Amino acid sequence: MAIAYFMRAEGRMPDKRKRTVCVFRYDSIGDFVLFTASLRDYRTHFGDSRVILIVNEVVERLARGCPYVDEVWVLPRSSFRRDLRERWRWMVRLAGAGIDIAVNAVYSTDLSQFECLVGWSWAGVRIAHGY
């Protein structure tokens, strides 16, 4: 798992500074359900950091019930794809969120319009699954 890079022997991040971690998971319901088991590991590894989970509207109810994330942001996929103003709103929101670590937790061989979200976070550390 990519987050192992940040772990010490006891499974925490190297320093005690509280960080903002943003996990992007904007795929469909089946993939999200399988992914939810790893959210506990994100909480364990990132400790008391603020964890933001970005999902699409299809999985919003499942995501909001997860005890391992602090905030759930819902990405409206269809309007994001076709409305430049919606993209602008997301760019401003992400850039202003103070995100330290951005994790693109979607494995995809398609360079879709959503990949820009990680870049817009301006996170000092960006993690993505390899292709």
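Predicted model: local features only at pLDDT ≥ 70, side-chain atom pairs only at ≥ 80, totals over all residues.
1. Two strands pair if DSSP finds at least two bridges between them.

2. Overall make-up. The chain contains five helices and five strands. Starting at the N terminus, the elements follow the pattern β-α-β-α-β-α-α-β-α-β. The chain has 131 residues, and 45% of them count as buried.

3. The sheet. Five strands make an open sheet in the order S3-S2-S1-S4-S5, and the pairing is parallel. Strand S3 (71-75) and strand S5 (125-128) are the edge strands, each of them pairing on one side only. From one strand to the next, the twist averages 20°. In a regular strand, side chains alternate between the two faces of the sheet.

4. Strands S1 and S2. Strand S1 (residues 20-24) runs parallel to S2, and five bridges join the two. Val23 has Leu53 in S2 as its bridge partner. Strand S2 (residues 50-56) is mostly covered, with six of its seven residues buried.

5. Thr20. This residue belongs to strand S1. Thr20 counts as buried because its relative accessible area is 9%, and the cut-off for buried is under 20%. Its C-alpha lies 5.7 Å from that of Ser49, although Thr20 and Ser49 are 29 residues apart in sequence.

6. Which strands does the Glu71-Arg50 pair tie together? The side chains of Glu71 and Arg50 form a salt bridge, at 2.7 Å from N to O. Glu71 sits in strand S3 and Arg50 in strand S2, so the contact links parts that are 21 residues apart in sequence. Both ends are partly exposed: Glu71 has 26% relative accessibility, and Arg50 has 25%.

7. Other salt bridges. The whole structure has six salt bridges. One of them joins Asp27 to Arg25, with the closest N and O atoms 2.7 Å apart. Asp27 and Arg25 are both buried. Another joins Arg85 to Asp83, where the closest N and O atoms are 3.4 Å apart. The two ends of that pair fall in separate classes. Arg85 is exposed because its relative accessibility is 60%, while Asp83, at 21%, is partly exposed.

8. Nonpolar surface. Where do Ile29, Val33, Val58 and Leu62 form a patch? They form a nonpolar patch on the surface, with about 340 Å² of accessible area together. One of these residues, Ile29, lies in helix H1 (residues 29-46). Ile29 counts as partly exposed because its relative accessibility is 44%. That value meets the patch criterion, which asks for over 30% relative accessible area.

9. Cysteines. How many disulfides does the structure hold? The count is zero. A disulfide is a covalent bond between the sulfur atoms of two cysteines. Among the cysteines, Cys66 is buried, with a relative accessible area of 14%. Cys116 is partly exposed, at 24% relative accessibility.

10. Trp122. Most residues other than glycine have a negative phi, and most peptide bonds are trans. Trp122 sits in the loop between helix H5 (116-120) and S5. Its side of the account is an open one: Trp122 is exposed because its relative accessible area is 66%, and the cut-off for exposed is over 50%.

Terms used:
Residues numbered from 1 in each chain as written. Heavy atoms only, no water. Patch = residues over 30% accessible without salt bridge, like charges linked within 9 Å, V, L, I, M, F, W, Y side chains within 5 Å. Areas by Shrake-Rupley, 256 points an atom, 1.4 Å probe, with all protein chains shown as cover. Salt bridge = Lys/Arg side-chain N within 4 Å of Asp/Glu carboxyl O. Helix = DSSP H or I, 4+ residues; strand = E, 2+ residues; numbered from the N terminus. Buried < 20%, exposed > 50% of the residue type's maximum accessible area, 1.4 Å probe, protein only. Disulfide = S-S within 2.5 Å. Axes fitted to C-alpha atoms, helices over the stretch in contact; angles between N-to-C directions.
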